[in-house]
Amino acid sequence: MSGAEDLVWLSEGHALLAPTDDLAVARAVLAPFDDDRGHRYRALIDSHADAALRTCRPGHLTGSALVVDRAGVNTLLLLHAKLGRWLQPGGHADGDANLAAVALREATEETGIDGLRIWPRPLHLDIHEVDPPHEDRHLHYDVRFLVQAPAGAAPRGNHESRGLRWVPLGGVADFGCDPGLIHLAELGAETLDTMSHPSP
């Protein structure tokens, strides 16, 4: 897929979402990010054969999703059970270097919504430190994608969250979300607007 004109929404089971341990797949999806952050991701991948495993240090790859409703107006936030903060769905790659597949899987598991579709080009990269119980502090190299819910989707959630709420894309800051998530929502809104009003 060379350009935006070649991209389409992908659903679970699509060949481009097949799991793989080939880190070249993770590296390829980072191609649009020719900046310092993108270089940091590529450096991690090039120097750590286990970059997609949660045991990799100083950090490892993760995948997350900005889940939007079919109208492209709201995003779904989860009140994280352990952290007590409103976050987007996401999680560990656990060896899968297809980070779009990771993000879609995590979104499906954490929202309980069937029929989600993912835009295969990442919206945003975010490197942040985590300090989980019974583990050392380390970095999450998160690759963040846009995911669309079907019309009328009713989220159910799972044990990882204490609540789920549809929030206007422009209202994420009102929920105390971190700057990275606020920026992600802004990028999602811009991308959806571009889809609705493509350049001539």
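Mentor: The model is predicted, so local features need pLDDT of at least 70, side-chain atom pairs count only at pLDDT 80 or more, and totals for chains, interfaces and linings use all residues. Residues are numbered from 1 along each chain as its sequence is written, and side-chain values use heavy atoms, with hydrogens and water left out.

Trainee: Why is Asn98 called buried?

Mentor: Buried means under 20% relative accessible area, exposed over 50%, partly exposed in between (1.4 Å probe, protein chains only). Asn98 has 7%, so Asn98 is buried.

Trainee: Which residues does Asn98 touch?

Mentor: Contact means heavy atoms within 4.5 Å. Leaving out residues up to four places away in sequence, Asn98 touches Leu16, Leu17, Ala18, Thr20 and Val25.

Trainee: Why does Asp193 count as partly exposed?

Mentor: Its relative accessibility is 45%. That value lies between 20% and 50%, so Asp193 is partly exposed. Asp193 lies in helix α4 (residues 179-196). Helices (H or I, at least four residues) and strands (E, at least two) are DSSP runs, numbered from the N terminus.

Trainee: What makes a set of residues a nonpolar core?

Mentor: The members are buried Ala, Val, Leu, Ile, Met, Phe, Trp, Tyr and Cys residues joined through side-chain atoms within 4.5 Å. The largest nonpolar core here has 38 residues. Tyr41 and Leu61 are among those that touch the most other members. Helix α3 gives the largest share, seven residues. A second, separate core of 18 residues includes Trp9, Trp119, Leu123 and Leu169.
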